[in-house]
Amino acid sequence: FRFPDLKLLFKLWKKFKKNDMKRVFGKNYLYFLTRTYFRHKQIEALERIYVKFNPRAYIAFCSPAFAEDTILTLIAKKDKKPTFTLEHGFAPNFSNFSPVFIINENMVSDYLLLWGKKNYDLQKNYIDKSKLLVVGNPKYDYNDYNRKRNLNFKPKVATFFFSVIGFEQSNEKIIKILNNFAKKHSEIQFNMKLHPFDSSDKYESYIDSENIKFVSKDMAVKDLLEKSDFIVTHNTSVAYESLFYRIPIFRFNDKVSLKVWEDFDTFRNDEEFEELFNKLKNKKFLSNNLEKYEILLKNSFYFEKDKDPSQVYYEKILEIIKRKEAK
């Protein structure tokens, strides 16, 4: 706790008053006044950290969406240091207007580090091509890319990766389908992996099957994919990560589903889920699906045969740092 900076607070209050912000914000006036004060103090605190470490560059997790990332990125840019933003998921290509478009266009970093060609083709619609660097996904290397396929579909473990927040109704429908299916297939253990901002309290009332359990939110996606014989998804980029594991994917299809690829592995209800499950026991059907995933994988992720992605990241970023410092 510390005594507030009354001088700064008074200065902001005068600016708010001069621009008649009370009329703009109404009952939220005090909230926005104090929130602006908070951001000022946050900038001061983060600038002290920046000065202490004096970095050669700044790499953000998501500079267009997280205030702290944006602040540090802008401080570095003001200091003429190169700035980067990591890709942390596949950007959906919505047919209608979406907040995602604002996030894409609000890229404040100098460069965006991309996983592969698929996201490059989308992001170039919003961001200058010179800012886009295709470097791969740091979680997966060339050995993962060459993982062998298993054509014997006798699943023992499956995982449902919940949608990002905002699609709770779809999650409820999927859980009801999985609950009914799990009762008929007691040999399969179903793991439920929530989005970090979601809560199991919303869904537990729909589950009465003993072979369904929620796993810790902290459990790594990669660890769950390693253990799963198939996965169930809806509006999550985990579907793309699962391509590395050469396992079947069951994608729930409803009116708010994102068009990530063609509908050869989708279901809408109990009957279609069961039908897809039985079809995958046919080696030819399973092989066809896995071949389609191979094509998607090559288009979605970039690899250099003799280098780990971390080495590619290091070399690309260092090259830009040295170029900037040489000017």
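Is F32 buried, exposed or partly exposed? In this predicted model, F32 is partly exposed, with a relative accessible area of 32%. That value falls between the 20% limit for buried residues and the 50% limit for exposed ones, hence the intermediate label.

F25 is also partly exposed, at 22% relative accessible area. The structure holds 29 aromatic pairs. In one of them, the ring centres of F25 and F32 lie 4.2 Å apart and the planes meet at 15 degrees, so the pair is stacked. Stacking here requires planes under 30 degrees apart.

A second pair has another geometry. F162 and Y203 are tilted, with 5.0 Å from centre to centre and 50 degrees between the planes. F162 belongs to the loop between β5 (157–161) and α8 (168–184). Y203 belongs to the loop between β6 (189–193) and β7 (212–214). The pair therefore ties together parts that are 41 residues apart in sequence. F162 is buried, with a relative accessible area of 3%. Y203 is buried too, at 0%.

Aromatic residues also group beyond pairs. One cluster is formed by F153, F181, F190, F230, F250, F252, F267, F273 and F277.

Two lysines sit over aromatic rings. K22 lies over the face of Y29, at 5.8 Å from the ring centre. K292 places its charged end over the ring of F264, at 4.5 Å from the centre.

D20 lies in the loop between α1 (6–18) and α2 (21–25). This residue is partly exposed, with a relative accessible area of 37%. Its side chain joins that of R23 through a polar contact of 2.9 Å. D20 and L194 are separated by 174 residues in sequence and by 44 Å in space, C-alpha to C-alpha.

Strand β3 (residues 111–114) pairs with two other strands. Strand β2 (residues 83–86) runs parallel to β3, and 3 bridges join them. L86 stands opposite L113 of β3. Strand β4 (residues 132–134) also runs parallel to β3, again through 3 bridges. Here L112 has L132 of β4 as its bridge partner.

Terms used. Residues are numbered from 1 along each chain as its sequence is written. This is a predicted model: local features need pLDDT of at least 70, side-chain atom pairs count only at pLDDT 80 or more; totals for chains, interfaces and linings use all residues. Side-chain values use heavy atoms; hydrogens and water are left out. Rings of Phe, Tyr and Trp (its six-membered ring) pair if their centres lie within 6.5 Å; planes under 30 degrees apart count as stacked, over 60 as edge-to-face and the rest as tilted. Buried means under 20% relative accessible area, exposed over 50%, partly exposed in between (1.4 Å probe, protein chains only). Helices (H or I, at least four residues) and strands (E, at least two) are DSSP runs, numbered from the N terminus. A charge sits over a ring if NZ of Lys or CZ of Arg is within 6 Å of the ring centre and within 35 degrees of the ring normal. A polar contact is a pair of N or O atoms within 3.5 Å; within protein, one must be able to donate a hydrogen and the other to accept it, and residues adjacent in sequence count only if both atoms are side-chain atoms. Two strands pair if DSSP finds at least two bridges between them.
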